[in-house]
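Welcome, and please open your viewer. We will take the tour one selection at a time.

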Amino acid sequence: MDKTQFTPTLPLRDIVVFPNMIVPLFVGRDRSIRALDEVMRTNKKIILITQKNAEIDSPNEEDLYSYGCESKILQLLKLPDGTVKVLVEGVHKVKVLEFKNDDKYLTSTYEFVQDIVEKREELLTFAIALIRKLEKLSNLNKKISFELMSNLKDQKDPSRIADHISGQLNISIPEKQKLLEIVNLKTRLDKLLEHVNKEINVISVEKRIRGRVKNQMEKTQREYYLNEQMKAIQKELGDIEDGKDEIAQLQKLIVKAKMPKEATKKCLSELKKLRSMSAMSAEATVVRNYLDWMVELPWHIKDKKLENIDLLEAKKILDEDHFGLEKIKERILEYLAVQKRVGKMKGAILCLVGPPGVGKTSLGKSIARSTGRKFVRMSLGGIRDEAEIRGHRRTYIGSLPGKIIQQMKKAGTKNPLFLLDEIDKVGTDYRGDPSSALLEALDPEQNIAFNDHYLEVDYDLSDVMFVTTANTLNILPPLLDRLEVIRIPGYTEDEKINIANNYLIPKQLKNNGLKNDEWNLDQPVLKDIIRSYTKESGVRNLEREISKLARKTVKNILTKEDGDKVISSKNLSKFLGVKKFNYGEKESDNKVGIVTGLAWTEHGGEILKIESAIMPGKGKMQITGKLGDVMQESVKAAKSYVRSKSLEFGIIPPIFEKKDFHVHVPEGATPKDGPSAGIAMVTSIISSITGIPVDRNIAMTGEVTLRGHVLQIGGLKEKLLAAHRAGIPKVLIPEDNKKDLVEIPKDILDKIQISTVKTVDEVLKLALTKELKPVEWIEVENIPKTKNNEKPTAGSTH
């Protein structure tokens, strides 16, 4: 054979082919299929080499063993899925001298390897002994066919016997490859005998274990049957009662639970019933489940003693977790101080109200930490069934206690902090009203004896500190009356920057695996993110944008992209995309009939544009913009006020009969309601009639009466925050809201000029760019008389 001639080579996965071994192979790799095609055109000879790692698709020289088998292709069949089934027969053991990795397929040069045979007769005897061992193995595992054993017994060549047995052994691929590479026949036969003996020992042990397990199972079943018979005989004789051990255990647990007298009496009564029931009856299971619930509830276990509360430590924890929110923190510390002094106090029921993302739920967790209580949370969003709160009666299949009792069991203590999330999202339908069911749990005078339908006894919730959260005060009035409402308004721009630097950025650096020296963010960029990529009262979207920056930074570091190393205002759009919002929503110039109003929504404050237009017509009033009933009435009241004072505003009354009026509030798809846009409506209508532009730098809020008085409004802080976000420098508010300015952050008061107004006249003086000139009565007197010599009235169309 020419050692320099390269022969097509087929790498194999999970199989080692030995000489004289016939085996089917399934070939799917393109290069391997091309190698087979080439061989079929020539001499049908191919070299089969096993891969070291079966997962490599395109193996190189270092991925293949150096010993293989020259084989002959007996049959080749192409399958419909593109793979090839080939039947090969090993011919000679070979050692590869050189691999050549062509584009088409793998080739190699090789030399034949002959077994070293010493004392052939002795080796044949050894081989026959090995066949007998293999026959013993086949009797144990039944995996080696009878035909193969017959063929082996007929063989007289020890090399062939060794090759056949090597291919049949249940050993690993590396072990088989080692057998192929052993040139000394005696050594190979020794190794084969060792493998066969090892396999026989393993199977024998497994067989013994299986037999032992079977005997044990039979013994256990026999014992169980005899025990049941013995119990039945003893029961007939009256010696024992069913489930004595379980009953005794439950009785101990009832005593250990230290329940109130009523609950203990109820449990002992149920236990007495259980004694007389069959252990396998359905009723016994119900009673057993009931007693399990009763003994697992925390009837007397309490957390940390109240006198050990450290107020300074509690304040430190609250400050660590949340920036600002001084009013809420002060209220919590007051509660802790009284609790520390008195030692026993009815649990406060706080209601944190504010827009999404301001930290209501996380504040609940901080209160739990600062008070040293366990924290449990129950989401009320979408709950419609009263049984979710009070539980199902035990007569129902699969009945359970309500969520309150379930969470108390989970807390494992009698005085946890219980967070009732989204209390304003509770629904109601034919199954009852969960809000009404909460009245008992959230009333400090009643919850000392909270009654769950499943337990059927009173449970004391007076030590629980309830905290509820809501986006709006759209809560059942009697329930709202039981709550101490604490408003959490949105954050100012400076507060958001502080929160981002102290809380959000460190959190996102940790979550995304960034080191401090890998994060380069210019400080002014945070202000750009807040203004151009978020429009919210809270910081949830701000956190998402910071997370996006962190993810992109990590990606750039790992992919080694030559991107910007520092995130600045210039390259911010590369990280976060196109700006989502325009900062500063005020008009570009002063316009007629367009007024900037301020609105409160459950998501925080919003800017409201109010537009008015007049056109020739018959005095009709059109209102558009999906306005609610209250807001539509506010528009009508504004028009009536303008009409009643028209002469003072320099408006000739007949205009109301000869012109049509249209009031529109843009973003027509968004529902709007409330009376607080009254003064903005009046200003817009007067501006459109007189043609005097409205100052674009002024926003206003206030309800108007038919006498022109400006009434108090709510949500002042949220509205001022909206004006601040929009870049409006001056805001008009009702005089009665002046007292609320003490709660407005100082940086907002420094940046916005706030003017208080009592009447519409004051509003018009500040909002319109020109002063209104009243119509003199003498001008009305000089209007020509009619045919009947009568002066026209104020509403006349003459």
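What follows is a short walk through a predicted model, with a few stops to select along the way.

**Stop one: a pair of helices**

Start by selecting residues 493-511, which form helix 17, together with residues 540-559, which form helix 19. Their axes are 10 Å apart, and the two helices pack at an angle of about 45°. Because of that angle, helix 17 is oblique to helix 19. If you turn the view to look at the crossing, its hand is right-handed.

Which residues of the two helices meet? From helix 17, show Lys 496, Ala 500, Leu 504, Ile 505, Lys 507 and Gln 508. Facing them from helix 19 are Leu 542, Glu 543, Ile 546, Ser 547 and Ala 550. Colour this contact by class and you will find six nonpolar, two polar and three charged residues.

**Stop two: a lysine in helix 14**

Now select residues 403-411, helix 14, and pick out Lys 409 within it. Is Lys 409 buried, exposed or partly exposed? With a relative accessibility of 29%, Lys 409 counts as partly exposed. Next, show Glu 296: its side chain and that of Lys 409 are joined by a polar contact of 2.8 Å. Beyond the neighbours within four places in sequence, Lys 409 also touches Trp 293, Leu 297 and Pro 298.

**Stop three: a serine in helix 23**

Go to helix 23, residues 678-690, and select Ser 687. Ser 687 has 0% relative accessibility, so it counts as buried. What does its side chain reach? The answer is the backbone oxygen of Ile 692, at 2.6 Å. Leaving aside neighbours within four places in sequence, the contacts of Ser 687 include Lys 591, Val 592, Gly 593 and Leu 768.

**Stop four: two positive phi angles**

Finish with two loop residues. Asn 20 lies in the loop between strand 1 (7-12) and strand 2 (22-27). Although Asn 20 is not a glycine, its phi is positive, about 65°. Asn 20 counts as buried, because its relative accessibility is 19% and the cut-off for buried is under 20%.

Then select Lys 258, in the loop between helix 7 (244-257) and helix 8 (261-275). Its phi is near 55°, again a positive value in a residue other than glycine. Lys 258 is exposed, with a relative accessible area of 56%.

Key. Residues numbered from 1 in each chain as written. Predicted model: local features only at pLDDT ≥ 70, side-chain atom pairs only at ≥ 80, totals over all residues. Heavy atoms only, no water. Axes fitted to C-alpha atoms, helices over the stretch in contact; angles between N-to-C directions. Helix = DSSP H or I, 4+ residues; strand = E, 2+ residues; numbered from the N terminus. Parallel < 35°, antiparallel > 145°, perpendicular 65-115°, else oblique. Left-handed = near helix turned anticlockwise from the far one by under 90°. Contact = heavy atoms within 4.5 Å. Nonpolar A, V, L, I, M, F, W, Y, C, P; charged D, E, K, R; others polar. Buried < 20%, exposed > 50% of the residue type's maximum accessible area, 1.4 Å probe, protein only. Polar contact = N/O pair within 3.5 Å; in protein donor to acceptor, adjacent residues only side chain to side chain.
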